[in-house]
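Welcome, and thank you for taking a look at this structure. Please keep the sequence and the 3D view at hand while we walk through a few of its parts together.

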Amino acid sequence: MLRLTWVQPEDLLGHELRQAAQDGREPSAIAARWAAAGGGEAPPRSGASPQPPSRYLRLLAADLLEELADLPSPLADAEPTDLARIRALCPDWPDQRPAGTPPARARGEGRPPAPAPARLEAAWLGRAAGCLLGKPVEKLPLTGIRALARATGNWPLTTYFTARGVPADLAAAYPWNRRSAATSLAEHIDGMPEDDDLDYPVLNLLLLQRHGRTFTTCDVARVWLDELPAGRTFTAERVAYRNLLSGLEPPHTARHRNPFREWIGALIRADVHGWTNPGDPGAAAAQAHRDATLTHTANGVYAAMFTAAVIATAAAGTQDVHACLAAGLTVVPPASRLARAVREAVELAAAHADFDTVVDALHARHRDHHWVHAVPNTALIAAALTHADGDFTGSVCRAVSGGWDTDSDGATAGSVAGLLAGSPAALPDRWTAPLKNRLSTSVADFDGTGFDALAQLTHREAARP
């Protein structure tokens with residue numbers, strides 16, 4: 001039996017009920033009707049419940065999803081998705097030019113130089129290494145991550161995970177990620193295996209090659225339909241892909257039966273927008289917004305904009321990690337849940353010498369969120385970078401050791417810290433040597449491409465007028 005994940009109405013409903021509670025709607029009556037009919041909760045870790053429900057329950061779930069979509073949210077004014085409304089709420093937006101005026105770089109005024117290929121290669125390598133570190137423990141609870149690392153003398157984390165030396169009972173209690181163990185444990189690494197955290201930067205590189213930085217959200221959709229296998233999409237991206245095939249147009253693709261629209265998917269697509277707008281966080285954020293609104297709304301979009309702005313600031317090579325994070329917050333509505341979470345995380349990281357204390361506090365604060373939600377994961381990334389002062393090993397290890405979406409958090413922390421390091425030579429060999437300068441991907445003709453080649457292609461787009 002094929003149980004396609006992330007699209008079944010009976011599974012989407014439980015996630016939408018949680019989303020409704022988080023964005024201030026009142027879903028209790030609908031939740032009660034679902035429970036009274038025999039409906040279950042959303043799967044806590046996987047993308048689909050193990051068995052299909054009755055036809056009646058599936059139809060009821062579809063109807064209740066529509067009812068939830070009609071409920072008003074009191075947070076709508078403070079957390080808009082429209083870019084003009086977002087900018088109006090950001091008093092420190094980094095480029096407050098009149099509406100309709102092109103960015104300074106497009107006018108030829110004070111355009112920062114493109115990052116050196118070596119800096120971009122360090123960012124690509126950092127993203128890959130951070131992702132690879134987190135892959136074997138993705139979906140594991142925090143207690144499992146800590147126990148597995150301690151069992152092999154790798155806590156606090158300093159290098160890739162290994163199964164060597166893990167007691168059998170511990171391995172049974174906390175099994176490595178089924179899809180990743182064979183390629184991502186230290187003893188098995190042979191180049192960078194495929195992962196959506198690397199597929200999307202490649203896809204966005206292709207997007208810029210074809211459409212330039214003035215691309216539209218519909219251009220993003222076309223590139224996806226041409227080059228991205230549907231089976232390589234997850235959560236919000238899979239729902240939006242399904243919506244495209246059903247004939248919906250952006251931005252409706254992000255809203256229709258998509259309870260994952262504030263999850264981490266848009267954040268992991270943001271790097272290229274930052275890499276190609278060095279020193280221009282406003283332009284990077286606007287570019288990330290056009291990408292993100294295919295699949296996400298509100299805080300899901302803000303996570304992408306924040307990340308793109310942080311990376312754009314780091315790509316200029318003139319600011320430390322703390323200034324980069326501060327720049328990221330200038331493009332996020334300050335009263336939004338994401339902005340508040342990032343500010344709290346940065347304050348926690350600055351206040352505690354022990355990062356486990358920071359992580360425990362973050363998990364207590366965000367205990368009602370799914371492990372893939374953008375709010376807690378963005379907060380963790382900011383905390384890791386702050387606590388490590390931008391150091392590469394410290395940043396990726398802290399991000400992954402914090403749990404939740406380990407490979408995505410490690411990837412983004414690695415991208416930022418790689419940019420700050422400035423060159424591949426500045427990254428410890430134990431992280432980069434196993435990558436063998438080879439990326440596996442199902443995107444277009446990029447399978448087997450080296451990170452040095454990807455850096456050159458990214459440099460070309462960053463230098464394009």
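## Around helix H20

The buried residues of H20 pack against H5, helix H6 (142-151), helix H18 (355-365), helix H19 (374-387), helix H21 (406-421) and helix H22 (429-432). Helices here are DSSP runs of H or I with at least four residues, numbered from the N terminus. Buried means under 20% relative accessible area, exposed over 50%, and partly exposed in between, with a 1.4 Å probe and protein chains only.

This is a predicted model, in which local features need pLDDT of at least 70 and side-chain atom pairs count only at pLDDT 80 or more, while totals for chains, interfaces and linings use all residues. Residues are numbered from 1 along each chain as its sequence is written, and side-chain values use heavy atoms, with hydrogens and water left out.

Because nine of the ten residues of H20 are buried, this helix is largely enclosed by the rest of the structure. Among the buried ones are Phe392, Val396, Cys397 and Val400. At the helix start, a side-chain oxygen of Asp391 comes to within 3.4 Å of the backbone nitrogen of Thr393. After H20 comes Gly403, with a positive phi near 80°.

## H20 meets H5

The axes of H5 (residues 117-134) and H20 (residues 392-401) come within 9 Å and cross at roughly 35°. Axes are lines fitted to C-alpha atoms, for helices over the stretch in contact, and angles run from 0 to 180 degrees between N-to-C directions. The table shows who takes part; contact means heavy atoms within 4.5 Å.

| Helix | Residues in the contact |
|---|---|
| H5 | Gly126, Ala129, Gly130, Leu133, Gly134 |
| H20 | Phe392, Val396, Cys397, Val400 |

These residues divide into six nonpolar, three polar and no charged. Ala, Val, Leu, Ile, Met, Phe, Trp, Tyr, Cys and Pro count as nonpolar, Asp, Glu, Lys and Arg as charged, and the others, Gly among them, as polar.

## The core and a buried glutamine

The largest nonpolar core has 136 residues, and Trp124 is one of those with the most contacts inside it. Such a core is a set of buried Ala, Val, Leu, Ile, Met, Phe, Trp, Tyr and Cys residues joined through side-chain atoms within 4.5 Å. Not counting residues up to four places away in sequence, Trp124 touches several partners, including Leu198, Trp275 and Phe451.

Now to Gln8, in the segment before helix H1 (9-22). Gln8 counts as buried because its relative accessibility is 11%. A polar contact of 3.1 Å links its side chain with that of Arg58.

Terms used: Helix = DSSP H or I, 4+ residues; strand = E, 2+ residues; numbered from the N terminus. Polar contact = N/O pair within 3.5 Å; in protein donor to acceptor, adjacent residues only side chain to side chain.
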